[in-house]
Amino acid sequence: MRIEQELKLGFKDVLFRPKRSTLKSRSQVNLTREFTFKHSGRQWSGVPVIAANMDSVGTFDMATALAAHNVMTAVHKHYTVEQWADFVKQADANTLNKVMVSTGTSDRDFDKIQQILALSDELIFVCIDIANGYSEHLVEFVERVRAAFPDKVISAGNVVTGDMVEELILAGADIVKVGIGPGSVCTTRVKTGVGYPQLSAIIECADAAHGLGGRIIGDGGCACPGDVSKAFGGGADFVMLGGMLAAHTESGGELVEKDGKTFMKFYGMSSESAMAKHSGGVAKYRAAEGKTVVLPYRGSVENTIQDVLGGVRSTCTYVGAEHLKELTKRTTFIRVQEQENNVYGKE
């Protein structure tokens, strides 16, 4: 047993220090990033925000809505091949270019991902997603998918330390998904005692990935637009959002009426609700590691995504970053013990 003494930080522990800026308006900020991915050699351009691959967030409707803003969606893995075929027929090239096809790591998952990717050459992103990215099985599956699809952009995770980021990139991942336990409906940290504060995880994993020419996704922990900016400031190439994009018309959650008001169910993908829906219940050998909540129904995602992107643009003006790529270079974080004045409650 050993103890690391260095303090690790979450988004609530820091604020940006403002810097002199020549920008006159948020409209001058360009949030588009252009990447050439390490293994696939693919070039891609877009706004690197991603709707999470949860079945009450990462839907086909969400993908269509967010693609209009050049924002990505990791579509959840529970759609059938037939449903994918219908979506591909209706979607334009820009939408398909902004979609990640999610998959687990079983032989059945491998067969399914082959069938889905065969539907269109415009489907270029694969998201290999398991809760514990430290399994050797994940590395083997990444190697298998890379061998089968040398020209696809492969994301794999989740992990929170630089050594595992390096191993996944060397195995064939272009992008590594970073985050264990920070999600709003994730209970991994209380059920297992395992986790890592998200900002420190991003900073350390970005350093490891960029040294090898790889990229990372900061997955989880964002509760407001300022947190999205902090993830980018810490070095994340992409930021994945779950709860912030839940409870919208496009989210696909179950609507619930209560006291004359409308709510939508939102749950973690390792929750009892998710396992009952997709796996017939919680297996006897494991515990559920997610919770189920009901959120006020928020209507179309349009206003929310505008708010998120507007907040990131505003951050950039405060530190003088005309392009999103410059944000991490212009970032100085200050440690704080307060974030906002809540005398009248949260917004």
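Leaving aside neighbours within four places in sequence, which residues is G181 in contact with? They are C186, T188 and R189, where contact means heavy atoms within 4.5 Å. Welcome to a short tour of this protein chain, which is a predicted model: local features need pLDDT of at least 70, side-chain atom pairs count only at pLDDT 80 or more, and totals for chains, interfaces and linings use all residues. Residues are numbered from 1 along each chain as its sequence is written, and side-chain values use heavy atoms, with hydrogens and water left out.

**The whole chain**

- The protein chain has 11 helices and 14 strands; these are DSSP runs numbered from the N terminus, with helices being H or I of at least four residues and strands being E of at least two.
- Its radius of gyration is 19 Å, close to the 20 Å that the globule rule gives for 347 residues, so the chain is as compact as a globular protein of that length. The radius is taken over C-alpha atoms, and the rule is 2.2 Å times the number of residues to the power 0.38.
- Along the principal axes, the C-alpha atoms fill a box of roughly 55 × 55 × 50 Å.
- Of the 347 residues, 51% count as buried. Here buried means under 20% relative accessible area, exposed means over 50%, and partly exposed lies in between (1.4 Å probe, protein chains only).
- Take the contacts between residues at least 6 apart in sequence: 68% of them join residues at least 24 apart.

**The annotated loop**

- An unreviewed UniProt entry gives the annotation "active site" to C186, and for "binding site" UniProt (unreviewed entry) lists G181 and G183. Such positions are given in the numbering used here, with feature names shortened, and annotations may be inferred rather than shown by experiment.
- You can find C186 in the loop between β8 (175–178) and α7 (188–192). G181 lies in the loop between β8 and α7, and G183 has its place in the loop between β8 and α7 too.
- Is G181 buried or exposed? G181 counts as buried because its relative accessibility is 13%.
- C186 has 25% relative accessibility, so C186 counts as partly exposed. G183, at 24%, also counts as partly exposed.

- Strand β3 (residues 43–51) pairs with β10 in the parallel sense over three bridges; two strands pair if DSSP finds at least two bridges between them.
- Opposite M240 in β10 stands D219.

- Strands of a sheet pair through backbone hydrogen bonds, either parallel or antiparallel.
- Three strands form an open sheet in the order β11-β12-β13, with antiparallel pairing. Its edge strands are β11 (255–258) and β13 (292–296), each of which pairs on one side only.
- The twist averages 40° from one strand to the next. Axes are lines fitted to C-alpha atoms, for helices over the stretch in contact, and angles run from 0 to 180 degrees between N-to-C directions.
- β11 and β12 (residues 261–267) run antiparallel and are joined by four bridges. K258 stands opposite K261 in β12.

**Two residues to look up**

- T103 is in strand β5 (residues 99–103), and at 3% relative accessibility T103 counts as buried. Not counting residues up to four places away in sequence, T103 touches K77, D109, I113, V126, C127, I128, D129 and F141.
- R20 sits in the loop between β1 (14–16) and β2 (33–36), and R20 is exposed, with a relative accessible area of 78%.
- Not counting residues up to four places away in sequence, R20 touches V319, G320 and R330.
- R20 and I50 are 30 residues apart along the chain, and their C-alpha atoms are separated by 30 Å.
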